[in-house]
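Me: I have not looked at this structure before. Please take me through the terms used for it, one at a time.

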Amino acid sequence: MDDILLLEAIERYLSGDMSAEERTYFETLRKNTPEIDQMVVEHNMFLHQMDMYSAHRNLKHGLHEAHQHLLDRGDINEGGAISTRGKVIQLWNKYKRVTAIAASVGGVIALFISGLVMYFAPSVNGNQLQQLSNDIAVIKKNQQVQGNLINEVKSKLPEGVRFVSGGSGFLIDPKGFIITNAHVLKGSGAIVVNNKGKEFNADIVHIDQEKDLAILKITDKEFIQRKSLPYGIRKTASDLGEEIYTLGYPRNEIVYGMGYLSARSGFDGDSLSYQLQMSANPGNSGAPVLNKNGEIIGVLSTRQSSAEGVVFAVKSRNIFRLVDAFRKTDTAEKIKLPSKSTLKGTQRKQQIAEVEECVFYVKAFAK
Amino acid sequence: MKADTNEQALLKGLANNDSKAIETIYRDNFNTIQAFILNNNGSYDDARDIFQEAMIALYEKAQSESFVLTCQIKTYVYSICRRLWLKRLQQLGRYSNQVDSLEETIPVEEDLENHEKRNAAFAIMDRAMNSLGEPCKSLLEGYYLKKMGMQELAREFGYTNADNAKNQKYKCLMRLKKLFFTQYNIGE
(Lines give C-alpha, C1' and ligand atoms only; values in the text may rest on other atoms or scores of the structure.)
Protein backbone atom coordinates (compact mmCIF):
# COMPACT_ATOMS: atom_id res chain seq x y z
CA MET A 1 0.00 0.00 0.00
CA ASP A 2 2.94 2.28 0.75
CA ASP A 3 4.29 1.79 -2.72
CA ILE A 4 0.99 2.83 -4.18
CA LEU A 5 0.94 5.96 -2.11
CA LEU A 6 4.49 6.71 -3.02
CA LEU A 7 3.82 6.32 -6.72
CA GLU A 8 0.80 8.51 -6.46
CA ALA A 9 2.91 11.11 -4.71
CA ILE A 10 5.53 10.90 -7.43
CA GLU A 11 2.94 11.34 -10.11
CA ARG A 12 1.44 14.28 -8.36
CA TYR A 13 4.85 15.75 -7.85
CA LEU A 14 5.75 15.34 -11.51
CA SER A 15 2.51 16.78 -12.78
CA GLY A 16 2.84 19.74 -10.41
CA ASP A 17 -0.34 18.98 -8.50
CA MET A 18 1.32 19.32 -5.10
CA SER A 19 0.86 22.30 -2.86
CA ALA A 20 4.01 24.32 -2.02
CA GLU A 21 4.19 22.82 1.42
CA GLU A 22 3.88 19.26 0.21
CA ARG A 23 6.36 19.96 -2.50
CA THR A 24 9.11 21.13 -0.17
CA TYR A 25 8.51 18.13 2.02
CA PHE A 26 8.70 15.77 -0.93
CA GLU A 27 11.86 17.40 -2.24
CA THR A 28 13.64 16.94 1.06
CA LEU A 29 12.47 13.34 1.02
CA ARG A 30 13.95 12.97 -2.44
CA LYS A 31 17.24 14.43 -1.33
CA ASN A 32 17.50 12.18 1.69
CA THR A 33 16.42 8.91 0.09
CA PRO A 34 18.30 8.06 -3.10
CA GLU A 35 15.85 5.21 -3.83
CA ILE A 36 12.96 7.62 -4.03
CA ASP A 37 15.03 10.01 -6.10
CA GLN A 38 15.82 7.20 -8.52
CA MET A 39 12.16 6.25 -8.68
CA VAL A 40 11.17 9.82 -9.52
CA VAL A 41 13.70 10.05 -12.32
CA GLU A 42 12.71 6.70 -13.75
CA HIS A 43 9.03 7.42 -13.55
CA ASN A 44 9.49 10.81 -15.10
CA MET A 45 11.19 9.24 -18.04
CA PHE A 46 8.52 6.62 -18.30
CA LEU A 47 5.74 9.16 -18.19
CA HIS A 48 7.48 11.18 -20.83
CA GLN A 49 7.69 8.11 -22.97
CA MET A 50 4.02 7.45 -22.38
CA ASP A 51 3.13 10.97 -23.39
CA MET A 52 5.10 10.71 -26.57
CA TYR A 53 3.57 7.37 -27.28
CA SER A 54 0.14 8.84 -26.74
CA ALA A 55 0.86 11.83 -28.97
CA HIS A 56 2.27 9.53 -31.59
CA ARG A 57 -0.84 7.43 -31.53
CA ASN A 58 -3.08 10.44 -31.74
CA LEU A 59 -1.09 11.79 -34.63
CA LYS A 60 -1.30 8.51 -36.47
CA HIS A 61 -5.01 8.53 -35.97
CA GLY A 62 -5.19 12.13 -37.14
CA LEU A 63 -3.18 11.36 -40.22
CA HIS A 64 -5.37 8.44 -41.03
CA GLU A 65 -8.43 10.62 -40.70
CA ALA A 66 -6.94 13.37 -42.80
CA HIS A 67 -6.12 10.83 -45.46
CA GLN A 68 -9.61 9.45 -45.46
CA HIS A 69 -11.12 12.88 -45.49
CA LEU A 70 -9.03 14.11 -48.37
CA LEU A 71 -9.72 10.92 -50.22
CA ASP A 72 -13.44 11.40 -49.79
CA ARG A 73 -13.21 14.96 -50.94
CA GLY A 74 -11.17 13.91 -53.93
CA ASP A 75 -8.19 16.11 -53.09
CA ILE A 76 -6.04 13.05 -53.27
CA ASN A 77 -6.56 9.97 -55.30
CA GLU A 78 -5.78 6.36 -54.70
CA GLY A 79 -6.20 3.35 -56.88
CA GLY A 80 -8.06 3.20 -60.11
CA ALA A 81 -7.19 5.55 -62.88
CA ILE A 82 -5.79 8.84 -61.78
CA SER A 83 -8.64 10.99 -62.87
CA THR A 84 -9.03 14.69 -62.73
CA ARG A 85 -11.95 14.30 -60.38
CA GLY A 86 -9.96 15.43 -57.38
CA LYS A 87 -8.79 18.49 -59.21
CA VAL A 88 -12.26 19.27 -60.34
CA ILE A 89 -13.66 19.16 -56.85
CA GLN A 90 -10.79 21.23 -55.57
CA LEU A 91 -11.42 23.81 -58.22
CA TRP A 92 -15.09 23.64 -57.50
CA ASN A 93 -14.49 24.45 -53.86
CA LYS A 94 -12.28 27.32 -54.84
CA TYR A 95 -14.28 28.87 -57.60
CA LYS A 96 -17.84 28.04 -56.68
CA ARG A 97 -19.22 31.47 -57.44
CA VAL A 98 -17.27 32.04 -60.60
CA THR A 99 -18.32 28.62 -61.73
CA ALA A 100 -21.95 29.39 -61.10
CA ILE A 101 -21.77 32.48 -63.31
CA ALA A 102 -19.76 30.66 -65.91
CA ALA A 103 -22.23 27.80 -65.82
CA SER A 104 -25.18 30.03 -66.54
CA VAL A 105 -23.34 31.67 -69.41
CA GLY A 106 -22.23 28.23 -70.52
CA GLY A 107 -25.80 27.02 -70.31
CA VAL A 108 -26.95 29.66 -72.74
CA ILE A 109 -24.11 28.87 -75.09
CA ALA A 110 -24.77 25.16 -74.77
CA LEU A 111 -28.40 25.69 -75.67
CA PHE A 112 -27.38 27.77 -78.63
CA ILE A 113 -24.89 25.17 -79.78
CA SER A 114 -27.29 22.30 -79.28
CA GLY A 115 -29.77 24.29 -81.32
CA LEU A 116 -27.19 24.62 -84.04
CA VAL A 117 -26.38 20.95 -83.84
CA MET A 118 -30.05 20.07 -84.00
CA TYR A 119 -30.38 22.26 -87.02
CA PHE A 120 -27.43 20.77 -88.83
CA ALA A 121 -27.57 17.25 -87.50
CA PRO A 122 -29.92 15.62 -90.00
CA SER A 123 -27.91 16.68 -93.00
CA VAL A 124 -24.65 15.73 -91.31
CA ASN A 125 -26.09 12.38 -90.33
CA GLY A 126 -27.33 11.82 -93.82
CA ASN A 127 -23.86 12.47 -95.05
CA GLN A 128 -22.40 10.06 -92.60
CA LEU A 129 -24.85 7.40 -93.54
CA GLN A 130 -24.04 7.95 -97.15
CA GLN A 131 -20.40 7.64 -96.36
CA LEU A 132 -20.97 4.54 -94.35
CA SER A 133 -22.77 2.84 -97.11
CA ASN A 134 -19.94 3.85 -99.37
CA ASP A 135 -17.60 2.42 -96.86
CA ILE A 136 -19.53 -0.78 -96.80
CA ALA A 137 -19.31 -0.97 -100.52
CA VAL A 138 -15.59 -0.43 -100.30
CA ILE A 139 -15.24 -2.85 -97.45
CA LYS A 140 -17.17 -5.46 -99.30
CA LYS A 141 -14.47 -5.29 -101.85
CA ASN A 142 -11.94 -5.52 -99.08
CA GLN A 143 -13.69 -8.50 -97.69
CA GLN A 144 -12.13 -10.48 -100.45
CA VAL A 145 -14.99 -12.02 -102.21
CA GLN A 146 -13.90 -15.57 -102.10
CA GLY A 147 -14.41 -16.34 -105.68
CA ASN A 148 -11.42 -17.92 -107.25
CA LEU A 149 -10.22 -16.75 -110.56
CA ILE A 150 -9.72 -19.76 -112.65
CA ASN A 151 -7.60 -19.99 -115.68
CA GLU A 152 -7.87 -23.57 -116.71
CA VAL A 153 -10.71 -24.70 -118.83
CA LYS A 154 -11.79 -28.25 -119.39
CA SER A 155 -14.32 -30.48 -121.09
CA LYS A 156 -17.94 -29.66 -120.28
CA LEU A 157 -17.52 -26.02 -121.01
CA PRO A 158 -19.05 -24.58 -124.09
CA GLU A 159 -16.44 -23.66 -126.68
CA GLY A 160 -14.91 -20.23 -126.47
CA VAL A 161 -15.79 -19.35 -122.91
CA ARG A 162 -13.49 -18.58 -120.04
CA PHE A 163 -13.74 -19.17 -116.34
CA VAL A 164 -14.28 -16.08 -114.33
CA SER A 165 -14.69 -17.37 -110.84
CA GLY A 166 -15.18 -20.37 -108.69
CA GLY A 167 -16.56 -21.32 -105.36
CA SER A 168 -18.47 -24.00 -103.55
CA GLY A 169 -22.11 -25.02 -103.49
CA PHE A 170 -24.25 -27.69 -101.96
CA LEU A 171 -27.43 -29.56 -102.75
CA ILE A 172 -30.64 -28.37 -101.18
CA ASP A 173 -32.82 -30.78 -103.10
CA PRO A 174 -31.83 -34.24 -104.30
CA LYS A 175 -33.23 -33.38 -107.72
CA GLY A 176 -30.13 -31.28 -108.30
CA PHE A 177 -30.77 -27.85 -106.85
CA ILE A 178 -27.62 -26.27 -105.52
CA ILE A 179 -27.16 -23.22 -103.32
CA THR A 180 -24.13 -21.04 -103.74
CA ASN A 181 -23.17 -17.39 -103.27
CA ALA A 182 -24.40 -14.91 -105.81
CA HIS A 183 -20.94 -13.42 -106.05
CA VAL A 184 -19.53 -16.76 -107.15
CA LEU A 185 -21.60 -16.58 -110.31
CA LYS A 186 -19.91 -13.71 -112.01
CA GLY A 187 -20.32 -14.96 -115.53
CA SER A 188 -23.21 -16.09 -117.62
CA GLY A 189 -23.21 -19.78 -116.81
CA ALA A 190 -21.77 -22.38 -114.52
CA ILE A 191 -20.76 -25.98 -114.25
CA VAL A 192 -20.44 -27.90 -111.07
CA VAL A 193 -17.88 -30.52 -110.15
CA ASN A 194 -18.49 -33.17 -107.54
CA ASN A 195 -16.03 -34.52 -105.03
CA LYS A 196 -14.87 -37.17 -107.44
CA GLY A 197 -13.92 -34.59 -110.02
CA LYS A 198 -16.90 -35.26 -112.28
CA GLU A 199 -18.36 -32.25 -114.03
CA PHE A 200 -22.03 -31.49 -114.60
CA ASN A 201 -23.71 -28.74 -116.56
CA ALA A 202 -25.91 -26.46 -114.49
CA ASP A 203 -28.26 -23.56 -115.04
CA ILE A 204 -28.48 -20.50 -112.89
CA VAL A 205 -32.15 -20.46 -112.00
CA HIS A 206 -32.31 -17.76 -109.35
CA ILE A 207 -30.03 -15.05 -108.03
CA ASP A 208 -30.53 -12.74 -105.09
CA GLN A 209 -27.69 -10.24 -104.93
CA GLU A 210 -28.94 -8.71 -101.72
CA LYS A 211 -28.79 -11.94 -99.76
CA ASP A 212 -25.75 -12.94 -101.81
CA LEU A 213 -27.34 -16.30 -102.58
CA ALA A 214 -28.11 -18.10 -105.81
CA ILE A 215 -29.76 -21.34 -106.89
CA LEU A 216 -28.30 -23.55 -109.58
CA LYS A 217 -29.95 -26.55 -111.14
CA ILE A 218 -27.94 -29.43 -112.50
CA THR A 219 -29.27 -30.11 -115.96
CA ASP A 220 -26.76 -32.76 -116.87
CA LYS A 221 -28.18 -36.13 -117.83
CA GLU A 222 -25.22 -37.87 -116.25
CA PHE A 223 -26.24 -36.58 -112.86
CA ILE A 224 -27.60 -39.36 -110.74
CA GLN A 225 -30.18 -38.10 -108.31
CA ARG A 226 -29.81 -39.01 -104.69
CA LYS A 227 -32.72 -40.37 -102.75
CA SER A 228 -32.32 -37.89 -99.96
CA LEU A 229 -29.91 -35.43 -98.42
CA PRO A 230 -28.05 -36.30 -95.22
CA TYR A 231 -28.26 -32.86 -93.67
CA GLY A 232 -31.12 -30.62 -92.74
CA ILE A 233 -31.33 -26.86 -93.05
CA ARG A 234 -31.82 -25.02 -89.81
CA LYS A 235 -34.71 -22.62 -89.75
CA THR A 236 -34.05 -20.99 -86.40
CA ALA A 237 -31.09 -18.99 -85.22
CA SER A 238 -27.97 -20.67 -83.93
CA ASP A 239 -26.26 -20.08 -80.63
CA LEU A 240 -23.14 -18.18 -79.93
CA GLY A 241 -20.19 -20.45 -79.43
CA GLU A 242 -21.73 -23.32 -81.35
CA GLU A 243 -19.12 -25.53 -82.87
CA ILE A 244 -19.32 -25.54 -86.63
CA TYR A 245 -17.57 -27.01 -89.61
CA THR A 246 -17.53 -26.52 -93.32
CA LEU A 247 -16.60 -28.36 -96.49
CA GLY A 248 -15.59 -26.41 -99.54
CA TYR A 249 -13.33 -26.08 -102.52
CA PRO A 250 -10.63 -23.51 -101.93
CA ARG A 251 -8.59 -25.80 -104.18
CA ASN A 252 -9.51 -28.53 -106.59
CA GLU A 253 -10.04 -30.92 -103.77
CA ILE A 254 -12.60 -30.70 -101.02
CA VAL A 255 -11.25 -29.17 -97.82
CA TYR A 256 -12.62 -29.47 -94.30
CA GLY A 257 -12.46 -26.65 -91.81
CA MET A 258 -13.89 -26.10 -88.37
CA GLY A 259 -14.45 -23.29 -85.92
CA TYR A 260 -17.18 -21.72 -83.87
CA LEU A 261 -19.93 -19.19 -84.19
CA SER A 262 -18.43 -16.00 -82.79
CA ALA A 263 -21.17 -13.39 -83.29
CA ARG A 264 -24.85 -13.32 -84.10
CA SER A 265 -24.41 -10.68 -86.75
CA GLY A 266 -22.08 -10.28 -89.65
CA PHE A 267 -19.80 -7.52 -90.80
CA ASP A 268 -20.74 -4.16 -89.28
CA GLY A 269 -23.85 -5.58 -87.67
CA ASP A 270 -25.25 -7.18 -90.82
CA SER A 271 -28.16 -9.17 -89.45
CA LEU A 272 -28.38 -11.42 -92.47
CA SER A 273 -25.22 -13.20 -91.52
CA TYR A 274 -23.19 -14.68 -88.69
CA GLN A 275 -19.61 -14.09 -87.78
CA LEU A 276 -17.57 -17.25 -87.54
CA GLN A 277 -14.13 -17.97 -86.25
CA MET A 278 -12.45 -20.33 -88.65
CA SER A 279 -10.00 -20.27 -91.45
CA ALA A 280 -11.43 -19.87 -94.89
CA ASN A 281 -9.87 -19.14 -98.22
CA PRO A 282 -11.01 -17.91 -101.58
CA GLY A 283 -13.07 -20.72 -103.04
CA ASN A 284 -14.85 -21.46 -99.78
CA SER A 285 -17.63 -19.10 -100.83
CA GLY A 286 -20.93 -20.88 -101.03
CA ALA A 287 -19.80 -23.75 -98.83
CA PRO A 288 -22.27 -25.05 -96.25
CA VAL A 289 -21.67 -24.30 -92.58
CA LEU A 290 -22.89 -27.18 -90.44
CA ASN A 291 -23.26 -27.66 -86.74
CA LYS A 292 -22.41 -30.84 -84.90
CA ASN A 293 -25.87 -32.27 -85.52
CA GLY A 294 -25.37 -32.00 -89.26
CA GLU A 295 -27.72 -29.07 -89.70
CA ILE A 296 -26.77 -26.38 -92.16
CA ILE A 297 -26.77 -23.10 -90.29
CA GLY A 298 -25.34 -20.87 -92.99
CA VAL A 299 -23.59 -20.36 -96.26
CA LEU A 300 -20.00 -19.22 -96.06
CA SER A 301 -19.65 -15.99 -97.97
CA THR A 302 -16.95 -13.54 -97.05
CA ARG A 303 -14.11 -12.93 -94.69
CA GLN A 304 -12.70 -9.79 -93.19
CA SER A 305 -9.45 -8.94 -94.88
CA SER A 306 -8.16 -6.89 -91.98
CA ALA A 307 -8.54 -9.64 -89.39
CA GLU A 308 -7.34 -13.17 -89.14
CA GLY A 309 -9.91 -15.94 -89.10
CA VAL A 310 -12.96 -13.69 -89.11
CA VAL A 311 -15.40 -15.18 -91.58
CA PHE A 312 -19.00 -14.38 -92.36
CA ALA A 313 -21.77 -16.74 -93.36
CA VAL A 314 -25.24 -15.96 -94.68
CA LYS A 315 -27.76 -17.32 -92.19
CA SER A 316 -29.59 -20.48 -93.24
CA ARG A 317 -32.94 -18.75 -92.71
CA ASN A 318 -32.22 -16.84 -95.89
CA ILE A 319 -32.18 -20.06 -97.87
CA PHE A 320 -35.83 -20.53 -97.01
CA ARG A 321 -36.62 -17.00 -98.06
CA LEU A 322 -34.70 -17.42 -101.27
CA VAL A 323 -36.52 -20.62 -102.11
CA ASP A 324 -39.86 -18.97 -101.29
CA ALA A 325 -39.01 -16.17 -103.66
CA PHE A 326 -37.95 -18.66 -106.28
CA ARG A 327 -41.22 -20.57 -105.95
CA LYS A 328 -43.13 -17.42 -106.73
CA THR A 329 -41.24 -16.79 -109.93
CA ASP A 330 -41.11 -20.35 -111.12
CA THR A 331 -44.03 -22.59 -110.46
CA ALA A 332 -42.89 -25.45 -112.63
CA GLU A 333 -39.91 -26.41 -110.49
CA LYS A 334 -40.60 -27.56 -106.98
CA ILE A 335 -37.80 -27.41 -104.47
CA LYS A 336 -38.25 -29.37 -101.31
CA LEU A 337 -35.79 -28.36 -98.67
CA PRO A 338 -34.43 -31.03 -96.36
CA SER A 339 -35.63 -30.28 -92.87
CA LYS A 340 -34.26 -33.15 -90.88
CA SER A 341 -30.67 -34.11 -90.45
CA THR A 342 -29.91 -37.81 -90.44
CA LEU A 343 -26.41 -37.10 -89.19
CA LYS A 344 -27.33 -36.33 -85.63
CA GLY A 345 -25.24 -38.30 -83.20
CA THR A 346 -22.93 -39.71 -85.84
CA GLN A 347 -19.21 -39.20 -85.81
CA ARG A 348 -17.70 -36.24 -87.58
CA LYS A 349 -15.83 -38.45 -90.06
CA GLN A 350 -19.02 -40.17 -91.06
CA GLN A 351 -20.83 -36.86 -91.36
CA ILE A 352 -18.13 -35.57 -93.63
CA ALA A 353 -18.24 -38.66 -95.78
CA GLU A 354 -21.94 -38.16 -96.38
CA VAL A 355 -21.96 -34.37 -96.70
CA GLU A 356 -18.96 -34.45 -99.02
CA GLU A 357 -21.04 -36.05 -101.75
CA CYS A 358 -23.47 -33.17 -101.74
CA VAL A 359 -20.90 -30.36 -101.90
CA PHE A 360 -19.86 -29.18 -105.33
CA TYR A 361 -17.17 -27.12 -106.83
CA VAL A 362 -18.93 -24.33 -108.72
CA LYS A 363 -17.13 -22.87 -111.71
CA ALA A 364 -18.63 -19.84 -113.34
CA PHE A 365 -17.76 -18.89 -116.89
CA ALA A 366 -18.39 -16.07 -119.27
CA LYS A 367 -18.53 -16.03 -122.99
CA MET B 1 7.90 36.24 -46.03
CA LYS B 2 4.22 35.58 -45.95
CA ALA B 3 4.67 32.03 -47.10
CA ASP B 4 7.21 31.50 -44.37
CA THR B 5 4.97 32.69 -41.58
CA ASN B 6 2.25 30.61 -43.08
CA GLU B 7 4.43 27.53 -42.96
CA GLN B 8 5.49 28.32 -39.40
CA ALA B 9 1.86 28.49 -38.41
CA LEU B 10 1.18 25.19 -40.09
CA LEU B 11 4.06 23.54 -38.27
CA LYS B 12 2.88 24.95 -34.99
CA GLY B 13 -0.53 23.51 -35.73
CA LEU B 14 1.01 20.18 -36.55
CA ALA B 15 2.99 20.18 -33.32
CA ASN B 16 -0.28 20.72 -31.45
CA ASN B 17 -1.97 17.95 -33.38
CA ASP B 18 -4.37 20.39 -35.00
CA SER B 19 -6.43 18.55 -37.55
CA LYS B 20 -6.78 21.51 -39.85
CA ALA B 21 -3.03 22.04 -40.07
CA ILE B 22 -2.48 18.33 -40.60
CA GLU B 23 -4.98 18.29 -43.40
CA THR B 24 -3.50 21.32 -45.09
CA ILE B 25 0.02 19.93 -45.05
CA TYR B 26 -1.33 16.59 -46.12
CA ARG B 27 -3.24 18.01 -49.04
CA ASP B 28 -0.39 20.19 -50.25
CA ASN B 29 2.21 17.46 -50.23
CA PHE B 30 0.63 14.07 -50.60
CA ASN B 31 0.15 14.04 -54.35
CA THR B 32 3.78 14.81 -55.10
CA ILE B 33 4.92 12.03 -52.82
CA GLN B 34 2.39 9.60 -54.19
CA ALA B 35 3.51 10.31 -57.72
CA PHE B 36 7.11 9.85 -56.66
CA ILE B 37 6.43 6.48 -55.00
CA LEU B 38 4.25 5.24 -57.81
CA ASN B 39 6.85 6.21 -60.35
CA ASN B 40 9.44 4.32 -58.43
CA ASN B 41 8.06 0.87 -58.18
CA GLY B 42 5.70 1.50 -55.27
CA SER B 43 2.00 1.03 -54.67
CA TYR B 44 -0.71 3.30 -53.31
CA ASP B 45 -0.35 1.70 -49.91
CA ASP B 46 3.39 2.27 -49.93
CA ALA B 47 2.78 5.90 -50.77
CA ARG B 48 0.44 6.31 -47.84
CA ASP B 49 2.78 4.55 -45.41
CA ILE B 50 5.81 6.51 -46.45
CA PHE B 51 4.03 9.83 -46.50
CA GLN B 52 2.52 9.34 -43.05
CA GLU B 53 5.90 8.30 -41.73
CA ALA B 54 7.33 11.52 -43.07
CA MET B 55 4.51 13.49 -41.49
CA ILE B 56 5.37 11.92 -38.15
CA ALA B 57 9.01 12.82 -38.61
CA LEU B 58 7.98 16.37 -39.41
CA TYR B 59 5.80 16.40 -36.33
CA GLU B 60 8.67 15.25 -34.16
CA LYS B 61 10.88 17.92 -35.61
CA ALA B 62 8.22 20.57 -35.10
CA GLN B 63 7.89 19.56 -31.47
CA SER B 64 11.50 19.85 -30.49
CA GLU B 65 12.21 23.18 -28.90
CA SER B 66 15.35 23.87 -30.86
CA PHE B 67 13.37 23.46 -33.98
CA VAL B 68 14.12 25.63 -36.97
CA LEU B 69 13.06 24.47 -40.38
CA THR B 70 15.64 25.74 -42.77
CA CYS B 71 13.70 24.87 -45.86
CA GLN B 72 10.16 24.60 -47.09
CA ILE B 73 7.88 21.91 -45.70
CA LYS B 74 7.61 20.52 -49.20
CA THR B 75 11.33 20.02 -49.52
CA TYR B 76 11.64 18.51 -46.08
CA VAL B 77 8.81 16.05 -46.61
CA TYR B 78 10.11 15.10 -50.02
CA SER B 79 13.62 14.53 -48.67
CA ILE B 80 12.35 12.33 -45.88
CA CYS B 81 10.10 10.34 -48.17
CA ARG B 82 12.84 9.85 -50.70
CA ARG B 83 15.25 8.60 -48.07
CA LEU B 84 12.61 6.32 -46.49
CA TRP B 85 11.54 4.91 -49.80
CA LEU B 86 15.06 4.17 -50.96
CA LYS B 87 15.64 2.38 -47.72
CA ARG B 88 12.40 0.45 -48.03
CA LEU B 89 13.24 -0.57 -51.57
CA GLN B 90 16.60 -1.79 -50.45
CA GLN B 91 15.08 -3.79 -47.62
CA LEU B 92 12.59 -5.41 -49.92
CA GLY B 93 15.32 -6.21 -52.39
CA ARG B 94 13.32 -4.39 -54.97
CA TYR B 95 15.19 -2.26 -57.30
CA SER B 96 14.23 0.97 -58.86
CA ASN B 97 16.43 2.10 -61.65
CA GLN B 98 15.18 5.62 -61.79
CA VAL B 99 14.61 7.20 -58.45
CA ASP B 100 14.18 10.62 -59.87
CA SER B 101 15.83 13.38 -57.96
CA LEU B 102 14.69 16.36 -59.89
CA GLU B 103 13.29 17.86 -56.73
CA GLU B 104 15.48 19.70 -54.36
CA THR B 105 16.46 17.63 -51.35
CA ILE B 106 18.17 18.37 -48.07
CA PRO B 107 20.17 16.00 -45.88
CA VAL B 108 17.79 14.42 -43.39
CA GLU B 109 19.80 11.45 -42.20
CA GLU B 110 20.16 12.74 -38.67
CA ASP B 111 16.48 13.48 -38.31
CA LEU B 112 15.62 10.11 -39.65
CA GLU B 113 17.93 8.43 -37.20
CA ASN B 114 16.19 10.17 -34.32
CA HIS B 115 12.87 9.32 -35.82
CA GLU B 116 13.79 5.69 -36.06
CA LYS B 117 15.01 5.60 -32.49
CA ARG B 118 11.69 6.98 -31.39
CA ASN B 119 9.84 4.57 -33.57
CA ALA B 120 11.70 1.72 -31.94
CA ALA B 121 10.71 2.99 -28.50
CA PHE B 122 7.10 3.28 -29.60
CA ALA B 123 7.19 -0.21 -30.98
CA ILE B 124 8.45 -1.48 -27.63
CA MET B 125 5.73 0.41 -25.81
CA ASP B 126 3.16 -0.92 -28.21
CA ARG B 127 4.31 -4.47 -27.71
CA ALA B 128 4.45 -4.04 -23.93
CA MET B 129 0.95 -2.57 -23.91
CA ASN B 130 -0.44 -5.32 -26.05
CA SER B 131 1.12 -8.09 -24.01
CA LEU B 132 -0.42 -6.71 -20.80
CA GLY B 133 -3.83 -8.07 -21.57
CA GLU B 134 -7.15 -6.69 -20.42
CA PRO B 135 -8.23 -4.93 -18.29
CA CYS B 136 -4.70 -3.68 -17.58
CA LYS B 137 -4.26 -2.31 -21.06
CA SER B 138 -7.49 -0.33 -21.12
CA LEU B 139 -7.01 0.83 -17.57
CA LEU B 140 -3.58 2.26 -18.26
CA GLU B 141 -4.68 3.69 -21.57
CA GLY B 142 -7.54 5.37 -19.79
CA TYR B 143 -5.32 6.86 -17.14
CA TYR B 144 -2.16 7.77 -19.00
CA LEU B 145 -3.29 8.28 -22.58
CA LYS B 146 -6.83 9.53 -22.27
CA LYS B 147 -6.05 11.22 -18.96
CA MET B 148 -9.18 10.03 -17.26
CA GLY B 149 -9.59 10.51 -13.52
CA MET B 150 -9.43 7.58 -11.10
CA GLN B 151 -13.11 8.00 -10.15
CA GLU B 152 -14.17 7.91 -13.74
CA LEU B 153 -12.07 4.84 -14.45
CA ALA B 154 -13.44 3.04 -11.43
CA ARG B 155 -16.94 3.67 -12.73
CA GLU B 156 -16.15 2.64 -16.25
CA PHE B 157 -14.42 -0.58 -15.27
CA GLY B 158 -16.86 -1.38 -12.51
CA TYR B 159 -14.53 -1.16 -9.49
CA THR B 160 -16.41 -0.59 -6.27
CA ASN B 161 -14.28 2.43 -5.43
CA ALA B 162 -11.44 4.54 -6.75
CA ASP B 163 -8.96 2.99 -4.33
CA ASN B 164 -9.44 -0.47 -5.74
CA ALA B 165 -9.01 0.90 -9.21
CA LYS B 166 -5.86 2.70 -8.09
CA ASN B 167 -4.54 -0.50 -6.62
CA GLN B 168 -5.18 -2.36 -9.84
CA LYS B 169 -3.69 0.43 -11.87
CA TYR B 170 -0.55 0.32 -9.76
CA LYS B 171 -0.10 -3.40 -10.37
CA CYS B 172 -0.67 -2.96 -14.06
CA LEU B 173 1.74 -0.07 -14.24
CA MET B 174 4.45 -2.06 -12.53
CA ARG B 175 4.03 -4.84 -15.03
CA LEU B 176 4.08 -2.44 -17.92
CA LYS B 177 7.17 -0.67 -16.66
CA LYS B 178 8.93 -3.95 -16.23
CA LEU B 179 7.99 -5.11 -19.69
CA PHE B 180 8.93 -1.80 -21.23
CA PHE B 181 12.24 -1.26 -19.50
CA THR B 182 13.60 -4.76 -20.04
CA GLN B 183 13.01 -4.37 -23.77
CA TYR B 184 14.05 -0.75 -23.85
CA ASN B 185 17.35 -1.36 -22.07
CA ILE B 186 18.20 -4.25 -24.33
CA GLY B 187 17.65 -1.87 -27.19
CA GLU B 188 20.01 0.64 -25.66
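**Terms and values**

Me: What makes the crossing of α2(B) and α3(B) right-handed?

Reply: The crossing of α2(B) and α3(B) is right-handed, a word used when the near helix is turned clockwise from the far one by less than a right angle, with anticlockwise giving left-handed. The model is a predicted one, in which local features need pLDDT of at least 70 and side-chain atom pairs count only at pLDDT 80 or more, while totals for chains, interfaces and linings use all residues. Residues are numbered from 1 along each chain as its sequence is written, with chains lettered from A and ligands numbered from 1 in the order in which they are written.

Me: Why is α2(B) called oblique to α3(B)?

Reply: The axes of helix α2 (residues 19–39) of chain B and helix α3 (residues 44–63) of chain B come within 9 Å and cross at roughly 130°. That angle makes α2(B) oblique to α3(B). Angles under 35 degrees count as roughly parallel, over 145 as roughly antiparallel, 65 to 115 as roughly perpendicular, and the rest as oblique. Axes are lines fitted to C-alpha atoms, for helices over the stretch in contact, and angles run from 0 to 180 degrees between N-to-C directions.

Me: Which residues make the contact of α2(B) with α3(B)?

Reply: On α2(B) they are B:F30, B:I33, B:Q34, B:I37 and B:L38, and on α3(B) they are B:D46, B:A47, B:I50 and B:F51. Two residues are in contact if their C-beta atoms, placed from the backbone, lie within 7 Å. By class there are seven nonpolar, one polar and one charged in this contact. Ala, Val, Leu, Ile, Met, Phe, Trp, Tyr, Cys and Pro count as nonpolar, Asp, Glu, Lys and Arg as charged, and the others, Gly among them, as polar.

Me: How is the packing of α2(B) and α4(B) described?

Reply: α2(B) and helix α4 (residues 73–92) of chain B pack at about 35°, with their axes 10 Å apart. Their crossing is right-handed. Among the residues in contact are B:I33 and B:I37 of α2(B) and B:V77 and B:W85 of α4(B). The contact of α2(B) with α4(B) has nine nonpolar, two polar and one charged residues.

Me: How many helices and strands does chain B have?

Reply: Chain B has eight helices and zero strands. Helices (H or I, at least four residues) and strands (E, at least two) are DSSP runs, numbered from the N terminus.

Me: What makes α3(A) and α5(B) roughly perpendicular?

Reply: Their axes come within 10 Å and cross at roughly 95°, and α3(A) and α5(B) are therefore roughly perpendicular to each other. A:Q49, A:Y53 and A:H56 in α3(A) meet B:A121, B:F122 and B:M125 in α5(B). This contact has four nonpolar, two polar and no charged residues.

Me: How many residues does each chain give to the contact between chains A and B?

Reply: Chain A gives 21 residues and chain B gives 23 residues. On the side of chain A, α3(A) gives the most, with 15 residues.

Me: In what order do the strands of the barrel in chain A come?

Reply: Six strands close into a barrel in the order β1-β2-β5-β4-β3-β13, with antiparallel pairing. Two strands pair if DSSP finds at least two bridges between them. Strand β3 (residues 189–193) and strand β13 (residues 359–366) of chain A have five bridges, and A:V192 stands opposite A:V362 in β13(A).

Me: Why is A:D212 called buried?

Reply: A:D212 has 24 other C-beta atoms within 10 Å, so A:D212 is buried. A residue is buried if 20 or more other C-beta atoms lie within 10 Å of its own, exposed if 12 or fewer, and partly exposed in between, with C-beta atoms placed from the backbone. A:D212 is in the loop between β4 and β5 of chain A, and its phi is near 60°.

Me: Why is B:N17 called partly exposed?

Reply: B:N17 has 15 other C-beta atoms within 10 Å, so B:N17 is partly exposed. B:N17 is in the loop between α1 (2–15) and α2 of chain B.
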